[in-house]
Amino acid sequence: MKNITFLIITILLGGKLFAQTQSPPRAKPTDPPPLPFREVSGIVKDSSDNSIPGVTITLISKKDTLHVSSNERGIFVFKNVKQATFSISFKAMGFAPTVRKFLLSDLDRKLVLNPIILGQGQHVLNEVKINGTPDVIYKTDTVEYRAANYKVRPDATLDELLKKMPNVEVDKNGKVTFMGEEVKKARLNGKDFAGGDVAQAVKNLPAAIVDKAQFVDDYGQQAARTGIKDGDPTKVLNITTKADRSIGNMARLSASAGNNDRSDGNAFVQRINANQQIGFNGSFNSTVNGVAGDNSSGASGGSNSYGRPSMGYRDQWGKKVQFNSSYSYNFYNSNNIYDADGQSFSSNGTTNFVSSSSGESGSKGHNLYMQLDINADSSNFIQITPTFNYSGSNSSNTYSNTLFGYQNQIANGTSLSSSDYANYGGTAFYQHLFKKKKRNFSAQFSANWSTQKQRSESNTRTLYQDSLLATKRDSIYRPITARNSPSNSYSTNLTYVEPLSKTELLQFNAVLNYRGYANTAVTDSINRANQIVHVPSLSSIYNYSFSETRLGVNYTVNKPKYNYSLGVTAIPTLLEGTQVTLNATTSRTNFTIIPIFRFQYVFSKTHRLSMNYNGSPTEPTFSQIQPVADKSSPQNVIVGNPDLRPSFRHTVSLQYNNYIPNSKLTLSATANTSMVNSQVVSNVLQVPLPAISSFYNETHYLNLNGAYSVSGNYGITKQLSDQKYSLRLNGTMSYNHNISMSNDIGYHADNWRFSEVLGPQLNPTEAIEINPSVSYTLARSFFTQPNARNTDTKTTALTIDGVFTYKKWKLGYNASKNYVEGISANLTHNPFVVDAYLQRTLFPKIQGNLKIQAFDIFNQNNFINQTVSTTSITNTKSNVLSRYVYISFSVFLQKWSGSPKRNGAPMMRRGDGSFVY
């Protein structure tokens, strides 16, 4: 026992001594403290792997409640997140709400989540495909709208869809304007549709087949393939079809009849099969001129009949060859009435005038267009485009013109005229792509030949009066003039592109343009004995040509965020002319060096800023350059100047576009300024006739500097409540500084125009559409001529239009109340114009509709259109027979066969909607 006790004591003492002699043990290492803040990011996609912009995303933890939205690429970022344990909710229109919980490390500064896939919402119809693409996308030279994001009725046509899109305006005649610029050509899946006729396209194509509407600045085929842009672009509307609306047949037939011999008919038949398009479109109408809903119409009174049948054929002939063609015939017959008054200014005094005329006119024309594209192989492309145009016209008029004030005379008479014009030619384009990426060479050659024959005859009796209105001379003048004006033009355009790096290009461009004109004018006169007498002094043979060479070198940089072009172009020009009758010649040369500058900053695919400079020369017209006096109008003699130089216009444009997906807000603005060097300006001399205390006007031409203009417009569109409502605010401003001369004294005129339009669009249900608006326009003109009268016109317009649908009935209306100040001669003070229609669907399966339309129900559509120039103000009265009724019946047949496929798989598409074979 003692031994055991001793052993225990020894162990305890030994342990104590060991503890006292050894170093104390190290403490266990602890984890590093958590970070106070972290960044959380991710991407939101749909089930098709497309990113979804504009998703509302909320992060919630014990210490955080944060909100963000995904950007145009579907990416979202939360900054300064206090905890790594949180939940995130995702909400987006068309998708089921989603909540995810996360328990992540507190030690990571950046937390990147796996892609979030949102499922389709239960309220979305099965056939609706949500792909997450923004409503508006800005590409180089293109603004693209997704049609699915704009609500229209199932039976709507393309024009109704376009009216819903920001910055797009469509008038009742089918004229389309985008950001203040008229659209000149229409395409379907990348190729001209119906000969490029915009009105035919927007009034006949159904909105239901449209996938995207693209507004393109088109610099031509060569620029599209090489990227070298020269000259001013043409605004083009390109429609891409939905994949499941790219094989099928359509037919739209309508007929209308109204009072006062009005009638209208249209037949539209179209076959679409991928790149194949076969169609016929025929339209005919007989109506009254001058019917307008605002005071901007310049039409006078009278009636007209118009027809335009056209055919189009486009097809893919194998993998390498594509063909596109169209033919149209048009005719126009008019019984016109013209009524105007105004003032004409000169340095000597102001002359008031009252003019009227009535007569008949007619025209006809043929237009043939063909385009053959050959992709010989992956390196060589050829395009051949022949064209042919013919037009003929004739007219007869009875007129009167009374002048009083500084000049006093009364002229009455008749006139006959006829004209025939024919043009044929073509363009050949070739491009070669080298093995080095982006290196390419192209050559384009075009030639056109035309001839124009004109014949005019007039019989004018003029009473010359003194200041007391006493007749001093009674004169009769009966000239007969025949003109023959053949012309030809040639153009060669060579380009070469050399890549310096992945983002840098060096571009060379050489252009040679030649335009030659031959003009023969033979004038006879009928004397008092009714004998035809040749008048050599009024006859001339004058030939002239204009040659322009453009030699340019251009350095281009294309970065993800920006692109720009810098360079220089040398432009020598030569203007030559020969007056055969007088054996006189003229030759004028000019040399101009202009910069090349284009810049675009791409904030995102929905946000961009661009700037562009362009310079171009313009040669004088024949009437301005021919040295023989044109006395076909004895009171307005024209004397050309063979020493005129070409004018040169410098233009700088700025464009800003921003679509904010989260807010459904579209912001757009443009600004343009231009200056003209050596502008061709008229100098009106008032030549005295002392024997009769009167004078006649003699117009001469010269080159002057000093003309310039500034213009701009903006648009703001806010969409609300799933596109059911939108609010638009648009404004335009323009200022023109014009120069002129009177009696060898220089003057200028300044024209200002401001316009503001506020217009919500209300579409609460599919059955109700209401579009009210209020607009204000201010137009002012200031003249430096001492005898001129400044103008100040203000117009306030309240308008509303819309459609109400109930089962098989549809009621449409359009009303405007206008308050006009500044035109004292306005026929109807503050006119109130109302149009309406009532439609009944009789055959729903074929969209068979019977419609009754009433126009200008209160008979107040009688406006004055005011035109202001540097030397005159003219007020033209609109038609007074604007109240009428139409009864029409229409049907629309369609059958679709699904999406184009090749070898069992869906065909790929290019950006313009065309299919890849």
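Strands are DSSP runs of at least two residues marked E, numbered from the N terminus.

**View 1. Isoleucine 745 in strand E43 of the predicted model.** Strand E43 covers residues 745-765, and isoleucine 745 belongs to that strand. Isoleucine 745 has a relative accessibility of 41% and therefore counts as partly exposed. When neighbours within four places in sequence are left aside, isoleucine 745 is in contact with Ser347 and Ser740.

**View 2. The whole chain, for orientation.** The chain contains five helices and 53 strands. Its C-alpha trace spans about 170 × 65 × 60 Å along the principal axes. Of the 917 residues, 44% are buried. Contacts between residues at least 6 apart in sequence join residues at least 24 apart in 63% of cases. The accessible surface of the chain is about 45,300 Å², and carbon and sulfur atoms account for 57% of this surface.

**View 3. A nonpolar surface patch of about 720 Å².** The patch is made by Leu842, Phe843, Ile846, Leu850, Ile852, Val885, Ile887, Phe889 and Leu893. Strands E47 (832-843), E48 (848-855) and E51 (884-896) are the elements that give two or more residues to the patch. Strand E51 gives the most, with four residues. Phenylalanine 843, one of the patch residues, lies in strand E47.

**View 4. The salt bridge between lysine 235 and glutamate 181.** Side chains of opposite charge can pair when their charged atoms come close. The closest N and O atoms of lysine 235 and glutamate 181 are 4.0 Å apart. Lysine 235 lies in strand E17 (residues 234-241) and glutamate 181 in strand E13 (residues 181-182), so the pair ties together parts that are 54 residues apart in sequence. Lysine 235 has a relative accessible area of 5% and is therefore buried. Glutamate 181, by contrast, counts as partly exposed at 34% relative accessibility.

**View 5. The salt bridge between aspartate 192 and arginine 187.** The closest N and O atoms of this pair are 3.1 Å apart. Both aspartate 192 and arginine 187 are buried.

**View 6. The salt bridge between glutamate 457 and arginine 455.** Here the closest N and O atoms are 3.5 Å apart. Glutamate 457 counts as partly exposed, with a relative accessibility of 24%. Arginine 455 also counts as partly exposed, at 42% relative accessibility.

**View 7. A network of salt bridges.** The network links Arg153, Asp155, Glu160, Lys164, Glu769 and Lys810. In total, the structure holds 26 salt bridges.

Key:
Residues are numbered from 1 along each chain as its sequence is written. This is a predicted model: local features need pLDDT of at least 70, side-chain atom pairs count only at pLDDT 80 or more; totals for chains, interfaces and linings use all residues. Side-chain values use heavy atoms; hydrogens and water are left out. Buried means under 20% relative accessible area, exposed over 50%, partly exposed in between (1.4 Å probe, protein chains only). Contact means heavy atoms within 4.5 Å. Accessible areas come from the Shrake-Rupley method with a 1.4 Å probe; for residues, only the protein chains shown count as cover. Patches are made of residues with over 30% relative accessible area and no salt bridge: like charges are joined within 9 Å, nonpolar side chains (Val, Leu, Ile, Met, Phe, Trp, Tyr) within 5 Å. A salt bridge is a side-chain nitrogen of Lys or Arg within 4 Å of a carboxyl oxygen of Asp or Glu.
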